Amino acid sequence: MLTIADLKKGETAIILDFPIDSIPLKLIEMGCLPGNEISLVQTAIFNGPLFLTINESNIAIRKDTAAQIQIEKVL
């Protein structure tokens, strides 16, 4: 299953599912919910955070958190 950590710069995907107890509440409050569209804007160097766009908001999340959020790529 693909996760946000598998996205490449500029790709867009739909959030499918994630383990709700291991995702920070702040992400859920910012719209990181199943069915929402997400785009990878930038990946920081040295395996740093991922900069994403969700619901016209920009956020940065750790790569290990991104690896828990399942997605389906939008073609």
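Thr-3 is located in the segment that precedes S1. In this predicted model, Thr-3 has a relative accessible area of 10%, and it counts as buried because that value is under 20%. The points below cover its surroundings, the nonpolar core and the sheet.

**Surroundings of Thr-3**
- Apart from neighbours within four places in sequence, Thr-3 makes contact with Ala-66, Ala-67, Ile-69, Gln-70 and Ile-71.

**Nonpolar core**
- The largest nonpolar core comprises 19 residues, of which Ile-4, Ile-38, Leu-52, Ile-61 and Ile-69 touch the most other members.
- Two or more residues come from each of strand S1 (12-17), helix H1 (25-29), strand S2 (37-43), strand S3 (50-54) and strand S4 (57-61).
- The most to this core is given by S3, which supplies three residues.
- When residues up to four places away in sequence are not counted, Ile-4 touches Ile-38, Leu-50, Leu-52, Ala-66, Ile-69 and Ile-71.
- In soluble globular proteins, nonpolar side chains tend to be buried together.

**Sheet**
- Five strands form an open sheet in the order S4-S3-S2-S1-S5, and their pairing is antiparallel.
- From one strand to the next, the twist averages 40 degrees.
- Three bridges join S1 and S2 in the antiparallel sense.
- Ile-14 has Glu-37 as its bridge partner in S2.

Conventions:
Residues numbered from 1 in each chain as written. Predicted model: local features only at pLDDT ≥ 70, side-chain atom pairs only at ≥ 80, totals over all residues. Heavy atoms only, no water. Core = buried A, V, L, I, M, F, W, Y, C linked by side-chain atoms within 4.5 Å. Buried < 20%, exposed > 50% of the residue type's maximum accessible area, 1.4 Å probe, protein only. Helix = DSSP H or I, 4+ residues; strand = E, 2+ residues; numbered from the N terminus. Contact = heavy atoms within 4.5 Å. Pairing = 2+ DSSP bridges. Axes fitted to C-alpha atoms, helices over the stretch in contact; angles between N-to-C directions.
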